[in-house]
Amino acid sequence: MSIIVEIPGFLQVFSDGSVKRFAPEIAPASCEPSSKGYKSKDVIIDPSKPITARIFLPDLAPTWSGQLPVIVYFHGGAFCIGSTTWIGCHTFLGDLSVASQSIVLSVDYRLVPENRLPVAYEDCYSSIEWLSKQIRSEPWLERADLSRVFLSGESAGGNIAHQVAVMITQRKRTCPVEPKGLLLIHPYFGSEKRTKREMAEGAEGDVAMNDMFWGLSLPEGSDRDYFGCNFETAVLDSTEWQRFLAVVVHVAELDFLKDRGVMYAEFLKKNGVTSVELVEAEGESHVYHAFHPESEATRLLQKQMSGFIHNF
């Protein structure tokens, strides 16, 4: 049995189809309030899949009686790796719950290549349905305001958040929750046509890595104009785009995927989405907030996300 794909330190795919992942440091959930002002709890979305999630809840004053917005978050990792339990993701989301005074529901969906797309999209859509059903039985959701739900995620998770938003738009009559906004962080998209940055001298390594990830993720027989990769192939009519969620797209100046995020924002505007904002982090790289969750740049990102949420 030989290794056919390897991401050093993270993933090995073997010739028999088996996969070995190497997780970095993991942060356990804790129902006891942390020194940073939040607590966390793991829940099961669907035991048969399995799909799990981690809830982050900010500490509230005993006399406070209001409702909190809900951020449904999808982690990155090119669909292949990653987890809300990874310490960078955990720290970022816990701090975000405090900064935004929001409940965060961070979903661990099934990964590729064992579960190729669109499995992740359906898994994450099911978390929206779970949220609506658990609102009266899960104590940690008793202050959740389902009229202020937001979808968010970084990298592949940003891609997923967009796809879930499209699914909600298409299933408007049956979806139990109508989110207010979409906050994408360095979204992971692609297409058969290369961008200028992808064709630039010195980009060969990033292009090869990107090609490998998409090769593991896409359904057999699909190319990168598959709807889950190329956002321009989304099947929505003009009326549906006009009632699409308000969107903020965060990009990073040094990110190889920056062009894709900019193109995505321009595509939404061209199709009539009424509220689209593009925010760039100068001097920062891809998913810097997960690698440096306590940096000044990450604090600014959390402040910007909080501002967007509390406009609703």
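Q: Two strands pair if DSSP finds at least two bridges between them; how many bridges join strand β1 to β2?
A: This is a predicted model in which local features need pLDDT of at least 70, side-chain atom pairs count only at pLDDT 80 or more, and totals for chains, interfaces and linings use all residues. Residues are numbered from 1 along each chain as written, and side-chain values use heavy atoms, without hydrogens or water. Strand β1 covers residues 3–7 and runs antiparallel to β2, strands being DSSP runs of E with at least two residues, numbered from the N terminus. The number of bridges joining β1 to β2 is 4.

Q: Which residue in the turn between β1 and β2 has a positive phi?
A: β1 and β2 form a hairpin, with 3 residues between the strands. The turn residue with a positive phi, of about 85°, is Gly9.

Q: Which residues of β2 point the other way from Leu11 and Val13?
A: In a regular strand the side chains alternate between the two faces of the sheet. Strand β2 spans residues 11–14, and all four named here are buried (under 20% relative accessible area, 1.4 Å probe, protein chains only). Leu11 and Val13 point one way, and the other way point Gln12 and Phe14.

Q: What is the phi of Gly17?
A: β2 and β3 form a hairpin with 4 residues between them. Gly17 lies in the turn, and its phi is positive, at about 90°.

How values were computed:
Buried means under 20% relative accessible area, exposed over 50%, partly exposed in between (1.4 Å probe, protein chains only). Two strands pair if DSSP finds at least two bridges between them.
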